Structures are given as structure tokens and as C-alpha cells.
Amino acid sequence: PQTSLLTQLESYLKDVMFIDLYDSIWKLREQGKKNEALKELEKRTNKISEFSLQAATFSKVFKGFTERYNKRAVENVSNSQKSTKKAVWGIDCLDNRHHGGVDYGDTAVIVALSNVGKTPMLKHIGYSNARIGKNVLHIQAEGSLSECEQGYEAMTSGASLIDIETTSLPQDVIDKLSKEVLRVKGEIDIDAHEDFGSLSFSKIRNSVIEYIKVNGHLDVLILDYIDKVEPSDGKKYGTGTDGEKAKRAALADAFKNLCIEFNIAGFTATQASDVVEEKRNDSKFYLTRSNIRGDK
């Protein structure tokens, strides 16, 4: 949209410059100054053809370094007292590797095989961020609301999921938890979509908008998980490798754009293709994007 407005404004200004040139040449001709008119035409025609507002939007890497660096230094000093705009993983080695976590406006994806803990990992991220005072919205694209709630409750209590499901916690643990949860400054809101295949990315965006309306701001978006979401671009994607790749690309772009639009950190997961048993037992082997169907 910004580029489109610049193009329209640039076209308008060129028209104004052309009309002004036409008037100047006409006056010179009327005064019998033919040579001056030709020189004015040549001079100002080049100026009009070279005029560009869009060129001003380009950023020069080398010539602009000093100005950018000094501006960034001033911003860092002024923001030093503010809370860091990062969402944590809740795992020290990952947070250290990412210099404190995932930046707001950025996204992170967990790649894992089936039934190895993608959902618990996403819940751990949501829980860890809520514990340090951040607002978390958990979009449950697969499974029931009750399952999602009980998973967080088990994590909070440190108890087994079966003890949560059967309400078998000792009373002293319940009393302790009742006090502990009141000390948590952040919160986790769950938006569960229990109808399989019903979740589109437009619904996710609407959930974020509604959340912000009610709560003021959002820090972390958990999407469990992106493979269960349909793009909202009106396109039909094939079931082959090319169609799968295009669909994943559309979902990745939509998720990233959403996090940029609302300045939130996004976490999701995707399922890896099957890995042979030999590699699974190799401590030096790790999954990459090549292990995702469609390689995206």
C-alpha cells in the first residue's frame, strides 16, 4: 500500500512539473527566445524523467551505516529500562542461544516426529512466558479444550496428567497451588477449535484481534499446531509435494505477517517426515527442514 501511494504521488508531481515546463517553454517561444526554450526543454525533461519518490525509500548499507548505528545506540539507551521484548523458550540453553528468546514480530517452529512431545513443548513455552508476566494466547487447533486445560494444570502442579484427570491431588498440594497461581503475573488464554479441520488462518487473526480488544495487548501466540490450519487466501492446494510445499509456504507467511502486524512472538510446530530407525538412534543426527514434507 505504501508503494502504491508513492507511485500515485510521484505520477501527480511529474504531471505538475510537466505543466509548469510547458508554460515556461510557451512563454519563451512567445518572446522569440527559441534557443532558450530548447535548452529549458532539455534541462527540465531530464529532471522530470529522473524524478523519483520511491528512490528515497531505499536504504544504503554502507553510506547509511553511521547514521543507523548512532540512532540504534540512542534507542538502546532510552529503552534500557524497559522490559525486553522477547518471548522465552523456558529452556536455558535455547534462551542463551537466542540471546534471551524469540523477538516480538518473529516466529519459531518446532520440528519433531509424531508423538514425541510437540504439544507439551508448546505448552511449556506458554507456561514459561506466563510465569514471567507475559500475556499468552494458546490456539488449540487439534484436541479438546479440556485436554489443553488439563495439560497446563499438570505442568503448573508438577503432577501427572492422570492425577489431574482423576482429581487425585492431595489437599495440601491443592492448597499450595491455589496460593501459587495468584502470584503469577501473566495469564494463558486458550482458544480451542474442537471441530477437526475447521480452523482457518482468518479465524486465528480474528482471535488475536478479539484478545487484544479485551486484554489490551498480547505478547506470545502459541499455535498447536500449524499443520492443522488452512490458509485463508482462497487458493486450492494439491495433495502432491508441490501443493504441500505451496500450502506450507502460505501458512508460514501468514503466521509471520500476523506476528509482525501485532508485534507478538509466535511459536508453532510441524510434523517431520518419518526417519529411519538407524538415524533415530544416532545421537549426532538432528532434524532439519529437509525432514519436513514439502521442504518448507
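Two residues are said here to be in contact when they have heavy atoms within 4.5 Å. By that rule, and not counting residues up to four places away in sequence, Ser207 touches Leu137, Ile139 and Asp191. Ser207 is found in helix α9 (residues 201–215), where helices are DSSP runs of H or I with at least four residues, strands are runs of E with at least two, and both are numbered from the N terminus. The side chains of Ser207 and Asp191 are joined by a polar contact of 2.5 Å; such a contact is a pair of N or O atoms within 3.5 Å, of which, within protein, one must be able to donate a hydrogen and the other to accept it, while residues adjacent in sequence count only if both atoms are side-chain atoms. Ser207 counts as buried because its relative accessibility is 16%, the classes being buried under 20% relative accessible area, exposed over 50% and partly exposed in between (1.4 Å probe, protein chains only).

The model is predicted, so local features need pLDDT of at least 70 and side-chain atom pairs count only at pLDDT 80 or more, while totals for chains, interfaces and linings use all residues. Residues are numbered from 1 along each chain as its sequence is written, and side-chain values use heavy atoms, with hydrogens and water left out. The mean pLDDT (the predictor's confidence in each residue, from 0 to 100) of the protein is 82, and 90% of its residues reach 70 or more. Confidence is lowest in helix α3 (residues 65–78), at a mean of 75, and highest in strand β6 (residues 220–224), at 93.

A search of the whole structure finds nine salt bridges, each being a side-chain nitrogen of Lys or Arg within 4 Å of a carboxyl oxygen of Asp or Glu. The table gives some of them.

| Salt bridge | N to O distance |
|---|---|
| Glu40 and Arg44 | 3.0 Å |
| Arg248 and Asp227 | 3.5 Å |
| Arg248 and Glu244 | 3.2 Å |

Arg248 lies in helix α10 (residues 241–262) and Asp227 in the loop between β6 and α10, so this pair ties together parts that are 21 residues apart in sequence. Arg248 and Glu244, by contrast, are four residues apart in helix α10, which means that about one helical turn separates them.

Arg44 counts as buried at 18% relative accessibility, whereas Glu40 is partly exposed, with a relative accessible area of 22%.
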